[in-house]
Each structure stands twice: as C-alpha cells, then as structure tokens.
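Work through the two exercises below with the model open. Each task is followed by a stepwise solution.

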Amino acid sequence: MSSETPRHNPYRSAAYVISAHNLRQLPEDTGLEVAFAGRSNAGKSSAINTLTEQKSLARTSKTPGRTQQIVIFEINPGRRIADLPGYGYAKVPARLRDHWKHVLQIYFHQRESLRGVVLLMDIRHPMRPFDRQMIDWCHHRGLSCHVVLTKSDKLKRGPAQSTLLQVRKALPPGATAQTFSASKGEGKQELIALLNGWYEIGAGNSGSLGRPLQDRIETLATGAEP
Ligand code: GDP
C-alpha cells in the first residue's frame, strides 16, 4: 500500500491498443505519446501496472527479453503510452538487439507525437550502456527525459537517496530523476505529477485530444469518414 495520499489518477483508464512489430503498425502520429523505456527486468511492466492501477495491463515477466514489440496503451483519445522493448539485456540475441536498436533509433528521431521518455532503471544497476544511449538520443532530439529508479524498496533509504543524487549529477541539463517502488507504491504520485505536465493534464484540462483510436480504426475499415 502506498503511504502517499490517494488522488485522482488519470492513468487508471489506460487500455491496450496494439503490439506493433514495426513502426508502420503504430497508431497515427498525432496527439501526445510518452515512451517508457528500460532494460529488460528493469521493472517497467510493474511500474506501468502500478501507474495505471491495473494488475496485468503490461505483462510482468521473469523471462527477460521476451517482448520485442512496441506496445501501445491509450489513456484517453490522443494520449498514449508506448512501452518500448528492452533490448539491452544480454540474453537477447545480438541480431535481434541490433534490429531493435535500429527501430528504436528511428522511432526516437521521427515520432512527432513523442513528448518525452520515462527511462526505468533498477536502482541497484543504474546508468548502463542502454540507459546512456536512451539519454543521448533524448538529449540530441531535445526530448524530455525522466529517470525512474525502480525497486527502491531493495535499498535502504540512505543508499537509495545517494544513488538518486549520483544519477541526477550524471544526467544532462533538464533531465529529471526520482525513486520508485512498485511493491510499496512509493514515487507513484511524483510520476503522475510529471506525466500530467507532459500530457497537459491539469485542472479543467484532462479531456481528449482527438477521437478514440477504436473509432478511427473503424472509420478506416468502413471508409465512413464524416
Ligand atoms: P520489465 O522486464 O522491465 O517489464 O520488469 P518487470 O516489471 O517484469 O519486473 C522484473 C522483476 O522485478 C519481477 O520479478 C518483478 O516482480 C520485480 N520488481 C518489479 N518492480 C519491483 C519493485 O518495485 N520492488 C521489488 N522488490 N521488485 C520489483
């Protein structure tokens, strides 16, 4: 249970849209998309499930490197989460890793609706080469980057805070960082507040940015554009 005060959580409405195996399968590039990236086993699925208060929206897995696709969740029309594959894990075959590195590089550079990247790192193993690569890509495109140090319950408060400070120091200007624990719910409100800023969700402004994706897919299928 979280010790933080429960507040309105706009991410509870997140729903699965599609698992894209290539960039062409992604939804229309409009509205605001926030990518969640992290090495396999970083705790990304657990963080998405905690954020959305849904037990199994993003699958959690003990077999790292299994998911090699971009999974899209819609929070409300025009606002999406893109759950990126964590190709950085050593057990992913080199060819697959290179393939996804290339796909993600194109995604980072071309995706117009990409508002920012939430980069998840296990607090016990932060700033690995994969993480530095993501930070670099964000920096080069001028994209917002927010580091979430996961599994903070695995460290005592002192070491957790000192890792947070070290990571903050290593980040380029403008990038931010926080600690997070899916098990304890710690850091959830901080993440919600950050995302609300990126998605431009505030008092009186949580409405949709467009028509529901499902509508648009049906329109495409029937050709019944108004
Ligand atoms: P992903 O591969 O990045 O999606 O990582 P998962 O969310 O599947 O988590 C990987 C492993 O770390 C699983 O065994 C989770 O139960 C565990 N884990 C994830 N978040 C936490 C956390 O906040 N605390 C602890 N103690 N374990 C966690």
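**Exercise 1.** Which residue has a polar side-chain atom 2.8 Å from a nitrogen atom of the ligand? Then describe the ligand's surroundings.

*Solution.* The model is predicted: local features need pLDDT of at least 70 and side-chain atom pairs pLDDT 80 or more, whereas totals for chains, interfaces and linings use all residues. Residues are numbered from 1 along each chain as its sequence is written, and side-chain values use heavy atoms, without hydrogens and water.

Step 1. The residue is Asp 153; a polar contact is a pair of N or O atoms within 3.5 Å.

Step 2. Taken alone, the ligand exposes 570 Å², of which the protein buries 80% (Shrake-Rupley method, 1.4 Å probe).

Step 3. Oxygen atoms of the ligand also take part: one is 2.5 Å from a side-chain N or O atom of Ser 45, and one lies 2.9 Å from a backbone N or O atom of Gly 43.

Step 4. The ligand is surrounded by 17 residues (a heavy atom within 4 Å). By class, two are nonpolar, nine polar and six charged, with Gly counted as polar.

**Exercise 2.** How are helices α2 and α3 oriented to each other?

*Solution.* Step 1. Helix α2 covers residues 94-110 and helix α3 residues 129-141 (DSSP runs of H or I, at least four residues).

Step 2. Their axes, lines fitted to C-alpha atoms over the stretch in contact, come within 10 Å and cross at roughly 25°.

Step 3. α2 and α3 are therefore roughly parallel (angles under 35 degrees).

How values were computed. A polar contact is a pair of N or O atoms within 3.5 Å; within protein, one must be able to donate a hydrogen and the other to accept it, and residues adjacent in sequence count only if both atoms are side-chain atoms. Axes are lines fitted to C-alpha atoms, for helices over the stretch in contact, and angles run from 0 to 180 degrees between N-to-C directions. Helices (H or I, at least four residues) and strands (E, at least two) are DSSP runs, numbered from the N terminus. Angles under 35 degrees count as roughly parallel, over 145 as roughly antiparallel, 65 to 115 as roughly perpendicular and the rest as oblique.
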